[in-house]
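Have the sequence and the fold side by side for this one.

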Amino acid sequence: MIIAKFHQNNLEQYDSFIITGHAESGPYGQDLVCAAVSAISIGTMNNLEKLTKSQFQVVLDEVNGGHLGCQITSEVSHDTSLLLENLYYILVDIQDSYQDNIKVSITDDTIKFD
């Protein structure tokens with residue numbers, strides 16, 4: 001199962017997320033849930049870099065997959081938070097259709113990248 005956790009700062013701005021696990025909704029290379037989550041999350045990361053001046057730390061496992069995280073390390077702008085909030089709601093939409101394969105939540109705990 002894919003687990004996606006998001007964190008909001010004290011101003012309720014989205015400032016980090018971590019996505020781990022595998023959807024296991026189909027054979028390797030044909031897993032639609034995995035493909036959707038990968039495309040949406042990587043697209044969000046690319047757009048954070050292209051569209052905002054935010055500084056951020058990224059963690060990922062390019063060899064095994066199933067692990068992507070982002071922590072905003074600069075002041076969180078409206079645009080940055082909006083991009084992360086958009087990612088959150090797209091993943092919630094995927095969760096609504098594939099509840100056995102993805103779980104999305106907002107956590108009060110600071111997301112750790114260890």
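Predicted model: local features only at pLDDT ≥ 70, side-chain atom pairs only at ≥ 80, totals over all residues.

A residue counts as buried under 20% relative accessible area and as exposed over 50%, with partly exposed in between (1.4 Å probe, protein chains only). Numbering starts from 1 along each chain as its sequence is written, and side-chain values use heavy atoms, with hydrogens and water left out.

Now for the sheet. Strands (E, at least two residues) and helices (H or I, at least four) are DSSP runs numbered from the N terminus, and two strands pair if DSSP finds at least two bridges between them. Here five strands make an open sheet in the order β3-β4-β2-β1-β5, with mixed pairing. The edges belong to β3 (56–60) and β5 (102–107); each has a single partner strand, so one side of each lacks a neighbour in the sheet. From one strand to the next, the twist averages 15 degrees. Angles like this run from 0 to 180 degrees between N-to-C directions, using axes fitted to C-alpha atoms (for helices, over the stretch in contact).

Look at β3 and its partner β4 (residues 67–72): they run antiparallel and are joined by five bridges.

What about disulfides, meaning pairs of cysteine sulfur atoms within 2.5 Å? The structure holds zero. The sulfur of C34 is 19 Å from the closest cysteine sulfur, in C70, which is too far for a bond. C34 is partly exposed, at 29% relative accessible area, whereas C70 is buried, at 0%.

Finally, the aromatics. Rings of Phe, Tyr and Trp (its six-membered ring) pair if their centres lie within 6.5 Å; planes under 30 degrees apart are stacked, over 60 edge-to-face, and the rest tilted. The structure holds five such pairs. F6 and Y88 have ring centres 5.3 Å apart and planes at 80 degrees, so they sit edge-to-face. That pair links F6 in strand β1 with Y88 in helix α2 (residues 78–97), 82 residues apart. Y14 and Y88 have centres 5.8 Å apart and planes at 40 degrees, so this pair is tilted. F6, Y14, F17, Y88 and Y89 form one aromatic cluster.

Note on methods:
Disulfide = S-S within 2.5 Å.
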